[in-house]
Amino acid sequence: MTQADASAAPHLPLFILSFRQRDELAALAARGGWRVVAARRDEAVERRFRASGAELAVVDARGSLAQGLAAVATLAGAGASRPGAIVACVSRGDVGALGDFYSAGATHFLVSPIAEVEFLHALRFARRGIAGEERGDDKPADMLGWRYDPARRTVQLTPALAAMLELGETQTVRALLRTIKREERRMLARALHRLAGGTVTAFAHDLSPLGRVVQHLQRDVRTGRLQSLVEPLGNPPDVGAVLRETMPAVRDEQGARQWIDHALRAGTALQVAVVTLARFDVVNMAYGRAAGDRLLRAAAKRIEEAASAVLGRRAMVARLGGADFAVATREGSDALARATQAVGAALGRPFVVGGEMVPMGARIATAASVEGDDATALLRRVGDALDAPRGEGGRDQIERLATELRQAMEAEQVDILFQPQVAIASGAIVGVEALARWRHPVLGELGAEMLFAAADRAGLALALSEHVQALALRRAAGWPAALGRLRLAINITAGDMAKPDFADILLGRIDASGFPRSRLTIEITESGLIEELGEAARLLAELRRAGCRVAIDDFGTGYSSLAYLKALPLDYLKIDKQLSQDIEGTPRDRIVVRGVIDMARSLGLSVIAEGVETEVQLDLLAKEGCQYFQGFLCAPPIDVAALVALVERQR
C-alpha cells in the first residue's frame, strides 16, 4: 500500500462476514487501515455486528449464496443498529442474484475475482454514504478495545472497556496482562508471534466480567502500534470459524508468504517443506465437507506440534490451502529432515472421521532457498517437487477402490464391527449397530462411508448392502451366550427397498441366518426415502408385522424429516450425531434437540442419540428425555471378542 493509500485509510471498525475467505478479506482490510472484526459463521450475526462498533459491513457470499443473502437481510433489518452500508461480494457465476441482494438491503457490490485495490476502494466509497463520516478516528462510546504505543510503552483503553474492567484508561502492559488468566496468556503470546509476520490475527479467552471474548488484533507495520477490538461472544467461541484458536501457531497462506519474504529480504537462508494429506480428497468425498474441515484442523495441530517439538520456535507452520501445509525454518536441512520425519509419523496415525478410524498418511517435499528467491518462487519449487509423483486425486482413488471392491468382498476383506447401544437409565448395553469395514491390504481399515462411495462408483451398492446384511446376521447368529439378549441393528438402503419383493427377500435372509426376528432392528437413513415414501411405509409395516423393529437413522440431516415421522411405521428415532453434539452448544441448539426428542416421545418412539462422546452430552440428553445412546463415550465399533469383554465387565 502506498503512503497516499495509508493516509486515506479510515481507521474505523469494519465488520466482515465471510464463510470461506474470512482471513484473506480481513488482512486486505487491515492493510487498508480498517480495524477489523471478522466472522466465518452467521450465527448471532446481528449481535456480533452491533458489538463490533462498526457502521460498515461486508458480507462475502462467494460459495455460500443463500447464507450470504440471509445475513444481508438480517443486518439490513436490524433496526437502529443496522449498518450504514452493506458491501455484498458474490461469485461471477452468481451475478444474476445481485438484484436479490439489493432487495435484501445491500448497498454496494463486488464480483470476484476481487483485487486488493478494488476491495479497499469499495470500502472507502461505501463509507462516503454513511452519516457521521466526519467523526474520523473517534470511537463509538460503547466500543471495547485498547491500543498499545511502543514509543510510550503504555496501553490506552477505550472508556467503555476501562469502565467494564474498573481500570483507568491509561495502563501499563503488565496491568493489561493481569486481566487475562495466566493459563491463557500463552494464546496472546502466540497471537503476537503471528503478528510478527502479518498485520491481523485473533485469539479467544475469558475476560471477567464479560465472559468469553475474541480479541481482534491489528499491527501497524510502519509505527509498530498494536490495537485490539474486544468482541464479547456471549457463548462459547465459534470453533469452526476461529481456526487459530485450535491451531494457535498455524498461519494462513498470506502469513506464510509474509514470513518467508521477510526472512529472505533479511538475507536468511531457508529450508521449506510442503506437506499434503495423501487421502484428503477421498475422505472429503466420502464423509462430507464438515468432516473434512475437522480433519484439516486436527492435521494442522499434529503438524504444528511435531514440527515445534524438533524446531521449537524456529518453526513456521502454515496452511497453504486445500490439504497442503508448509513448514519452514532458518535451521539447516538436517533439522528440517528431522522435523518432516516427525510430521510424517504424526500424520501416519489414524484420524477419527465420522466416528471411524481413518488412516491418512502424507506426501512431503522439501527445498532450500536460493539467491533471488521470494516466497512465490520458493513455494512453487517445493510444490512442483510435490506434484511430480502425485498422479492421483481423490476421485481417481475412489475409482481404483471401486475396481477392487468386488474382489474384496470375495476375499472376505469386508468385515463387520459392532457399536454398542446403551440404555441411559441403567447404563446397560442393550443392543448394537452392525457397521461395515473394509480391511484394505494397502490403505488399512476403511469406514462405511468410503466403502459405499466406492460401491456407488462401481455400481455395486446393492450387492454390497446385501453382503453386509448377510454377514452381520451370520455373525450375530453365532454370538456366545453372553450376548444372547442384545438387539442387532442392520442398515438398509433406498436401493434395497426398490428391489421387487424386498421384504420377502430380507425376511428370508434373516431366517436363513438363524438370528431371531424379534431381536432385529431395521435402520433406514431418511435420505433414502424421499422419492417413494408411500411404498417405504408399506414395506416397513410388513417388516414390523413379521416381528422386526424399524428405526429411522441419522434423523435431522435431511429435508423431509417431519413427513417421515407422520407417514412411516417406526419404533425408534436415531438422532444424528451432529444434533447430539450440538446439545452442548448454544441455548438455541439445545432447544432444537429438545424439540426433536419431545416430538419423538409424543409419537410413541424410543430415542437413540448417535455420536455421544462426552459425559456432558450424555447428561444433557438424559435431562431432555433421551432413552438410549451410542458413541465413543461407551465404545467405538468393536469386534465380537471386545464386545463380549465389555458386556461382561458391565455385569
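A residue is buried if its relative accessible area is under 20%, exposed if over 50%, and partly exposed in between, with a 1.4 Å probe and protein chains only. This is a predicted model, in which local features need pLDDT of at least 70, side-chain atom pairs count only at pLDDT 80 or more, and totals for chains, interfaces and linings use all residues. Residues are numbered from 1 along each chain as its sequence is written, and side-chain values use heavy atoms, with hydrogens and water left out.

Q: Why is Glu 523 called buried?
A: Glu 523 has a relative accessible area of 1%. Buried means under 20%, so Glu 523 is buried.

Q: Which residues are in contact with Glu 523, leaving aside its neighbours within four places in sequence?
A: Contact means heavy atoms within 4.5 Å. Among the residues in contact with Glu 523 are Gln 421, Asp 553 and Lys 574. Ile 492 is also in contact with Glu 523; the two are 31 residues apart in sequence and 6.2 Å apart in space, C-alpha to C-alpha.

Q: Why is strand β2 described as largely enclosed by the rest of the structure?
A: A strand is a DSSP run of E with at least two residues, numbered from the N terminus. Five of the five residues of β2 (residues 35-39) are buried, so this strand is largely enclosed. On one side these are Arg 35, Val 37 and Ala 39, and on the other Val 36 and Ala 38.

Q: What makes β14 and β15 a pair?
A: Two strands pair if DSSP finds at least two bridges between them. Six bridges join β14 (residues 315-321) and β15 (residues 324-329), in the antiparallel sense.

How values were computed:
Helix = DSSP H or I, 4+ residues; strand = E, 2+ residues; numbered from the N terminus.
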